[in-house]
Amino acid sequence: MSQTIQAIQVDITIIGGGIAGLWLLNRLRNLGYNAILFEQKALGGAQTLASQGMIHGGMKYTLGGVLPNITETITQMPKHWRSCLAGQGDVDLSRAQILSDHVYLWSTASLGSKLTTFFASRAIRGRINAVAKDKIPPVFQNKAFNGKLYRLQEIVVDVPSVVSALAENYREAIFKIDWQHASFVKTNEVEALQIQHNGQLLSIQSQRFIFAAGEGNENLLQQLSITQPKMQRRPLHQVWVKHDYPHPLYAHCIATSSSPRLTVSSHPTPDGKWIWYLGGGLATKGVDQTESELIARAKEEMKALFSWIDFSQAQWGCLRINRAEPKQGDFMLPDSAYAKSCGHVIVAWPTKLTLSPDLANKVIELLRQEQISPKYPGLNSLLAALPRPEVAQAFFELIDNS
Ligand SMILES: Cc1cc2nc3c(=O)[nH]c(=O)nc-3n(C[C@H](O)[C@H](O)[C@H](O)COP(=O)(O)OP(=O)(O)OC[C@H]3O[C@@H](n4cnc5c(N)ncnc54)[C@H](O)[C@@H]3O)c2cc1C
């Protein structure tokens, strides 16, 4: 017996519920588009909840002692996020939390004279400031610390609360997809997403499909035989350390290269402690190390950098995760988001949490150029029966107290 097909028309269908998809859903629905989102596992579950939550404005790239050609785009991002967090931006993040309104830069001993002069230069002053003796945070208040400390006015967000806020704003438009019972079909050169549910076949026809599935974009592109753009992965092997030390830290340790030797962010755990989450050079170089090799390396590094803090009773662990981005010839660090139209599909990678607002701007500009405006108001009631995804738990919410 042939199944009846129930056609559902929407303006935009987003695939992937990380920061990219959720931010886009919020922006597009705020603009009046009937946009819906499908997530296959849990919201925020991949790179987004593994990130360190630093909303940086490009100053991190100055660590080599030169002011590179930082795009206007990335420098605007911290301000954009702040207005959203204050409930006054183009996306409402008033329910999300800021973990810190600044990030430190520190060096272990004296900085090279080139970097010292650079940090004192007019180009940098006001953005990176040396920390006065009476303003030194508890973590560095020890006579064993003889390096230099700078403060950078960039925020760190509590990523789980950002994901929850974005999801809560438009819960009714977010659905779970099981690809065992769903596929793209092409009719009259236009893709439709067909979903089998409860004996019904829903055919979702959408003015545009947006692939915002992080690493999952590769497979989605293959499904539709789209050969360009290609994706690249940049793997990280992060380390976390859970301890009784009561102070959080958000900081980059400056080395001689343009990228940090170590980046530390701190995340509260349900039992009232802090996890220090360690990235930067430790995590990029750690990709080829086993978990036990990397933990041994991290212990040495923490001893070298924080000889006055006792980590002997701490709990240690690692997290392997890939960053997913469009393939670029020279493996450059991206400083703006990526969105490209491929027929009725827009492929999107923010390339950084920070750049999610830029990604939304780029997608909206593509829709404007292609004259895609809101056309199908109101959520079809047939969608209401579809399952809903949970918000994923961050790894630091799952570590037990043993
Ligand atoms: C360790 C680490 C630290 C980082 N720290 C920072 C930082 O401090 N600051 C910063 O700006 N950036 C940071 N980043 C980068 C940032 O996290 C990512 O650029 C950003 O989270 C990417 O978001 P996304 O939504 O594109 O991808 P993801 O967060 O990976 O989300 C993709 C979603 O799509 C879903 N999905 C996949 N395939 C499908 C499918 N076929 N159907 C439906 N759903 C699908 C997945 O389940 C997932 O929920 C960090 C990244 C890592 C890995």
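Trainee: Which residues of helix 1 are buried, and what makes a residue count as buried?

Mentor: In this predicted model, the buried residues of helix 1 are Ile19, Ala20, Gly21, Leu22, Trp23, Leu24, Leu25, Asn26, Arg27, Leu28 and Arg29. A residue is called buried if 20 or more other C-beta atoms lie within 10 Å of its own.

Trainee: Why is helix 1 described as largely enclosed by the rest of the structure?

Mentor: Eleven of its twelve residues are buried, and helix 1 is therefore largely enclosed by the rest of the structure.

Trainee: How do you know that the span of helix 1 agrees with its number of residues?

Mentor: The expected span is 1.5 Å times one less than the number of residues, and for the twelve residues of helix 1 (residues 19-30) this should come to 16 Å; the end C-alpha atoms are 16 Å apart, so the two values agree. After helix 1 comes glycine 32, which has a positive phi, near 95°.

Trainee: How is the chain divided into domains, and how far apart do their C-alpha centres lie?

Mentor: Domain 1 comprises 5-48 + 163-232 + 328-398, while domain 2 comprises 98-155 + 233-323, and their C-alpha centres lie 34 Å apart. Six residues from domain 1 and eleven residues from domain 2 take part in the contact. On the side of domain 1 that touches domain 2, helix 10 (residues 395-398) gives the most, with three residues, and by class that side has two nonpolar, two polar and two charged residues.

Trainee: Why is the ligand said to lie between domain 1 and domain 2?

Mentor: Both domain 1 and domain 2 give residues to the shell around the ligand, so the ligand lies between them. Of the 37 residues around the ligand, Gly16, Gly18, Ala46, Gly214 and Gly216 come nearest. Helix 1 returns here as one of the elements that each supply at least two residues of the shell, together with strand 2 (35-39), helix 2 (47-50), strand 13 (231-243) and strand 17 (315-326). By class, the shell divides into 16 nonpolar, 17 polar and four charged residues.

Note on methods: Residues numbered from 1 in each chain as written. Predicted model: local features only at pLDDT ≥ 70, side-chain atom pairs only at ≥ 80, totals over all residues. Domains from an automatic or database assignment. Contact = placed C-beta atoms within 7 Å. Helix = DSSP H or I, 4+ residues; strand = E, 2+ residues; numbered from the N terminus. Nonpolar A, V, L, I, M, F, W, Y, C, P; charged D, E, K, R; others polar. Near = placed C-beta within 6 Å.
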